[in-house]
Amino acid sequence: MNIKMTLLAMGCALALAACGDKSSTADAPAATAPMATAPVTQPSTQTEVAAPVTPPAATPAAGVKGPAVVTDCATEFEGTDGMQYSVSSIVVPASCKEFKITLKHTGTMPVTAMGHDVVIAKEADVGAVDADGSAAGAAAGYVKADDPKVIAHTSLIGGGETTSVSFPVSKIQSGGPYAFFCSFPGHSALMKGSISVQ
């Protein structure tokens, strides 16, 4: 076994000498102890420079929604069969007197199974408005008739349908914060967002 280790040590020394090691093998102490089994590496004299990395363009992560696009005191967004609005917030310009919201249901399910609407109320009133709407039932579109806590609401629609509502901006300029949500039973847990005036 010692002979094999000695031969291995001599082979490594010769290999280092052949690779440009200027030191003499005669100056090296004799190998008497067993050598480590880790391979011997020679330090590199070249410096590697990494190519610059260009980050990819920023894109929203899956499931992340942004603010609604507002043009001419109006916005349009979508509701899906997956119980999602395509936006998480609406910022109404302070210069607007009236504001229009249009909801497109991009799904295919009928209103009885996956109906969507947009209801606007004070954030603090959302739970009460939602509960009153559920009690009012499907015939009322899950919105209690003449509920003073409801600022505005669209009709309830099914897949492939579109609905709109317009309301005076003055109704959401003070006393907030305000929210929009879907009143179909169980939907407000996922289908909600903030609405404000700036």
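Some conventions before that. Because the model is predicted, local features need pLDDT of at least 70 and side-chain atom pairs count only at pLDDT 80 or more, while totals for chains, interfaces and linings use all residues. Residues are numbered from 1 along each chain as its sequence is written, and side-chain values use heavy atoms, with hydrogens and water left out. Helices (H or I, at least four residues) and strands (E, at least two) are DSSP runs, numbered from the N terminus.

The sheet, then. It is open, has 4 strands in the order β2-β3-β5-β8, and its pairing is mixed. Two strands pair if DSSP finds at least two bridges between them. At the edges stand β2 (70-71) and β8 (162-168); each has a single partner strand, so one side of each is left without a neighbour in the sheet.

Taking the pairs in order, β2 runs antiparallel to β3, residues 74-79, with 2 bridges, and T71 stands opposite A74. Next, β3 and β5, residues 98-105, are parallel, with 6 bridges; there E78 has K104 as its bridge partner. Finally, β5 and β8 are antiparallel, with 7 bridges.

Now the interior. Buried means under 20% relative accessible area, exposed over 50%, and partly exposed in between (1.4 Å probe, protein chains only). A nonpolar core is a set of buried Ala, Val, Leu, Ile, Met, Phe, Trp, Tyr and Cys residues joined through side-chain atoms within 4.5 Å. The largest one has 28 residues, and F77, I90, I101, I120, F167, F180 and I195 touch the most other members. At least two residues of this core come from each of β4 (87-92), β5, β7 (150-153), β8 and β9 (178-181). A second, separate core has 8 residues, including V119, V143, A179 and F181.

Which residues does I101 contact, leaving aside neighbours within four places in sequence? With contact meaning heavy atoms within 4.5 Å, the list is T75, F77, I90, V118, I120, T163, S164, V165, F167 and I195.

V165, from that list, is found in β8 and counts as buried at 14% relative accessibility. The C-alpha atoms of V165 and K100 are separated by 5.6 Å, although the two are 65 residues apart along the chain. Beyond four places in sequence, V165 is in contact with F99, K100, I101, A152, H153 and T154.

On to helix α3, residues 126-136, where V126, V129, D130 and G133 are buried. Seen down the axis, these buried residues fall within an arc of 100° (taken over the directions from the helix axis to the C-beta atoms), so they line one face of the helix. On the other side, G127 and A135 are exposed. The cover over the buried residues includes β6 (119-122), β7 and β9. After α3 comes G137, with a positive phi near 85°.

Last, the cysteines. Where is the disulfide? A disulfide here is a pair of cysteine sulfur atoms within 2.5 Å; the structure holds 1, joining C73 to C96 at an S to S distance of 2.1 Å. The link is left-handed, with -90° about the S-S bond. C73 lies in the loop between β2 and β3 and C96 in the loop between β4 and β5, so the pair ties together parts 23 residues apart in sequence. C73 is partly exposed at 24% relative accessibility, whereas C96 is buried at 3%. C182 is buried, with a relative accessible area of 0%.
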